[in-house]
Amino acid sequence: DAEQTGLCSVVTRQRTRIDPDTRRRQILAAAIDVFRVTPYTDVSLQDLADAAGVTRGLIHHYLGSKRDVYIEVIRAITVIPESVPLVPKGAPQTFPEVIDPCVSLWLDMIAGFGGLWVDAGSMMEVGDVEISAILREARASLVARMIHEVPFPPELDEELFSAALNA
């Protein structure tokens with residue numbers, strides 16, 4: 001809607017009140033979409049706000065700075081929800097046969113996040129301690145789940161295998 005105020009018209013936006021958790025998820029989902037196609041250094045807080053349909057102030061209120069948003073994005077994309085099985089339904093239940101569908105599932109997930117994985121990896125390489133910690137935690141969590149969900153041979157030394165996968 002455009003309102004006439006003196007010599008110029010002003011465009012007013014309809015505001016929608018959303019509960020805080022929903023708004024935070026909305027902003028995070030938009031940020032994931034933005035960072036999926038645009039490197040961190042090329043994204044502004046205004047880009048994130050525009051993508052989410054909110055003001056920069058709301059971005060700051062719910063998630064903080066651009067870096068804080070990016071950290072939350074990395075945290076969100078590196079965790080496979082417990083509700084998503086590592087071994088796809090219908091996959092064979094022997095170790096040699098289950099590896100291919102598991103790796104395919106993981107690669108499909110990485111491909112779905114586009115440049116985010118590359119960007120996060122490059123930030124880790126330049127010494128970003130927080131991103132490195134998030135990626136280490138995600139790997140440790142994935143390894144722990146793998147040991148319990150993937151049908152490894154019973155003679156497998158779980159501690160040794162876990163250490164090798166976490167290295």
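## Overall layout

Read from one end of the sequence to the other, the protein follows the pattern β-β-α-α-α-α-α-α-α-α, which amounts to eight helices and two strands. Here helices (H or I, at least four residues) and strands (E, at least two) are DSSP runs, numbered from the N terminus. This is a predicted model, in which local features need pLDDT of at least 70 and side-chain atom pairs count only at pLDDT 80 or more, while totals for chains, interfaces and linings use all residues. Residues are numbered from 1 along each chain as its sequence is written, and side-chain values use heavy atoms, with hydrogens and water left out.

Of the 167 residues in the protein, 31% are buried, where buried means under 20% relative accessible area, exposed means over 50%, and partly exposed lies in between (1.4 Å probe, protein chains only). Among contacts between residues at least 6 apart in sequence, 58% join residues at least 24 apart, a contact being heavy atoms within 4.5 Å.

## The buried side of helix 2

Helix 2 covers residues 45-52, and its buried residues are Leu45, Leu48, Ala49 and Ala52. These residues lie on the same side of helix 2, because they cover an arc of only 100° around the axis, the arc being that of the directions from the helix axis to the C-beta atoms. They pack against helix 1 (20-37), helix 3 (56-62) and helix 4 (66-77). Helix 2 is followed by Gly53, which has a positive phi, near 70°.

## Where helix 1 meets helix 2

The axes of helix 1 and helix 2 come within 8 Å and cross at roughly 120°; axes are lines fitted to C-alpha atoms, for helices over the stretch in contact, and angles run from 0 to 180 degrees between N-to-C directions. That makes helix 1 oblique to helix 2, since angles under 35 degrees count as roughly parallel, over 145 as roughly antiparallel, 65 to 115 as roughly perpendicular and the rest as oblique.

On the helix 1 side, the residues that take part are Gln26, Ile27, Ala30, Ala31, Val34 and Phe35, and they meet Asp47, Leu48, Ala51 and Ala52 in helix 2.

## Arg67 in helix 4

Arg67 is found in helix 4 and is partly exposed, with a relative accessible area of 29%. Leaving aside its neighbours within four places in sequence, Arg67 is in contact with Tyr40, Asp128 and Glu130.
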